[in-house]
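Hi,

Here is the structure I said I'd pass on.

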Amino acid sequence: MGAKERKERQKTEMREAILSAALKLFSDDGYDTVTMRKIAEEIEYSVGTIYLYFKDKSEIFFEL
């Protein structure tokens, strides 16, 4: 596997981790109480990382 494929796989895995964490938080706490920061804490990454993949919480919700 080349570097390009590895990078694409990592990007896909990160998107899936964000979506999975968001789904859990939305289900447990409700959409209104979940923040981008809470999602970032759930996956143990900085909130800036989340913004590399999604522009805001509503985009994550729509993706789900």
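Below is what turned up when I went through it.

First, keep in mind that this is a predicted model. Of the 64 residues in the chain, 27% are buried. As for contacts with a separation of 6 or more, 51% of them come from residues 24 or more positions apart.

Now for the rings. A search of the whole structure finds 3 aromatic pairs. One of them joins Phe26 and Tyr31: their centres are 5.3 Å apart with 45° between the planes, which makes the pair tilted. Phe26 also pairs with Phe61, and because their planes are at 75°, that pair is edge-to-face (the cut-off is over 60 degrees). The ring centres there are 5.5 Å apart. This pair links distant parts of the chain: Phe26 belongs to helix α1 (residues 3–29) and Phe61 to helix α4 (residues 57–63), 35 residues apart. Ring pairs link Phe26, Tyr31 and Phe61 into a cluster.

Which of these are buried, and which partly exposed? Phe26 is buried, at 9% relative accessible area, while Tyr31 is partly exposed at 28% and so is Phe61 at 45%. Finally, Lys57 lies over the face of Tyr31, 4.1 Å from the ring centre.

Cheers

Definitions and conventions
Residues are numbered from 1 along each chain as its sequence is written. This is a predicted model: local features need pLDDT of at least 70, side-chain atom pairs count only at pLDDT 80 or more; totals for chains, interfaces and linings use all residues. Side-chain values use heavy atoms; hydrogens and water are left out. Buried means under 20% relative accessible area, exposed over 50%, partly exposed in between (1.4 Å probe, protein chains only). Contact means heavy atoms within 4.5 Å. Rings of Phe, Tyr and Trp (its six-membered ring) pair if their centres lie within 6.5 Å; planes under 30 degrees apart count as stacked, over 60 as edge-to-face and the rest as tilted. Helices (H or I, at least four residues) and strands (E, at least two) are DSSP runs, numbered from the N terminus. A charge sits over a ring if NZ of Lys or CZ of Arg is within 6 Å of the ring centre and within 35 degrees of the ring normal.
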